[in-house]
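The tour goes from one selection to the next.

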Amino acid sequence: MSTTRTLPTSPPVAAAAPSARGSAGPPLLAAGIAVTVAPFVPLLSPLLLALVIGVVVANSPLIARPVVAGHGRATQLLLRLGVAALGLQLPVADIISIGPAGLTVIAVTVAVTFRGTLLLGRRLGLDEGFVVLLSAGFSICGAAAIAAVQDTVRARERYVALAVALVTIFGSAMIALVPWLGDVIGLSDRQAATWAGASIHEVAQVVAAGSLVGGSAVALATTVKLGRVALLAPITAVLAKGDQRTSAPPVPWFITAFVGAVALRSTGLLPTSLLSATDLATTLLLAAGMYGLGLGIRAKDLWPLPVQAVALATASTLIAGGTSLVLVTLLG
């Protein structure tokens with residue numbers, strides 16, 4: 001009989017009473033700082049920078065001050081609004097323009113990576129919530145996917161932090177690895193861009209890898225990656241439907257809003273100026289939510305990284321990279 005491996009959690013800390021005013025202020029301020037600094041740190045997105053700011057606060061005496069830490073419910077709401085607004089970045093026509101071959105690469109890679117990671121995680125005896133978080137993050141869109149499904153699987157805060165840390169580490173390593181291997185193998189720029197978009201975990205990481213491929217690779221790689229992001233809604237719906245422990249709606253409200261935002265963007269009725277503003281607002285909302293996730297990360301709980309968790313992250317990365325490479329090579 002297999003046993004589920006659990007990881008030690010830190011003792012509960014009494015939460016400071018949030019102020020009645022401005023509880024969302026600190027997360028939004030941290031998000032603003034992250035957005036401002038991100039252009040000078042090209043390998044890190046505003047979301048990851050905001051997460052780092054949250055980690056710094058969480059591991060310092062500042063965590064005891066509500067005026068700095070804000071309120072957990074506020075950051076959770078901001079994160080959900082950000083996931084919903086993310087749909088405004090996904091015009092269906094652009095994704096369809098990838099073509100049947102590209103869409104096949106996206107769908108098969110996400111399905112195989114998600115399912116394969118789930119099966120391996122269970123074989124390793126890891127906590128089910130952590131396994132689902134890692135499966136979503138590595139197969140769909142990194143930290144944003146982890147944040148989107150955490151309520152559905154009701155994973156422990158410690159597991160959310162660990163999954164985000166692993167998806168950041170492994171996705172960052174792929175930024176240089178995928179373009180280099182594509183050149184060694186002899187992939188065309190189009191094939192390398194498709195491979196990068198279908199295998200690398202974070203959108204910002206895909207953009208960075210596409211820039212290393214060169215030419216028009218950034219646009220194609222990003223579009224392929226956004227195709228994976230579009231699968232966030234069906235994956236979340238499947239997870240919610242499979243959770244028999246809750247009477248909540250089969251699809252969380254913010255995922256329904258996400259689908260509505262995709263439909264709205266796809267009408268072509270929104271002016272470019274408005275889309276630019278909503279893109280910035282989306283980034284700020286998601287970054288604010290990631291700051292909140294960072295507040296739950298204690299350095300002493302993450303190090304040393306559990307061997308089984310690292311093994312699963314390694315396997316999931318290899319599944320995503322290997323599956324997409326085979327498909328890109330076969331389908332051109």
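The stops below cover aromatic pairs and then one histidine. This is a predicted model, in which local features need pLDDT of at least 70 and side-chain atom pairs count only at pLDDT 80 or more, while totals for chains, interfaces and linings use all residues. Residues are numbered from 1 along each chain as its sequence is written, and side-chain values use heavy atoms, with hydrogens and water left out.

The structure holds two aromatic pairs (rings of Phe, Tyr and Trp, the last by its six-membered ring, with centres within 6.5 Å; planes under 30 degrees apart are stacked, over 60 edge-to-face, the rest tilted).

Select Phe-130 and Tyr-159. Their ring centres are 6.1 Å apart and their planes stand at 55°, so this pair is tilted. Phe-130 belongs to helix α7 (residues 128–153) and Tyr-159 to helix α8 (residues 157–185), 29 residues apart. Helices here are DSSP runs of H or I with at least four residues, numbered from the N terminus. Both Phe-130 and Tyr-159 are buried (under 20% relative accessible area; exposed is over 50%, partly exposed in between, with a 1.4 Å probe and protein chains only).

Next, select Phe-138 and Phe-170. With centres 6.2 Å apart and planes at 55°, this pair is tilted. Phe-138 lies in helix α7 and Phe-170 in helix α8, so the pair ties together parts 32 residues apart in sequence. Phe-138 is buried at a relative accessible area of 0%, and Phe-170 counts as buried at 17%.

Last, select His-201, in the loop between α9 (189–199) and α10 (203–213). His-201 is buried, with a relative accessible area of 0%. Leaving aside neighbours within four places in sequence, its contacts (heavy atoms within 4.5 Å) include Phe-138 and Phe-170.

Definitions and conventions:
Helix = DSSP H or I, 4+ residues; strand = E, 2+ residues; numbered from the N terminus.
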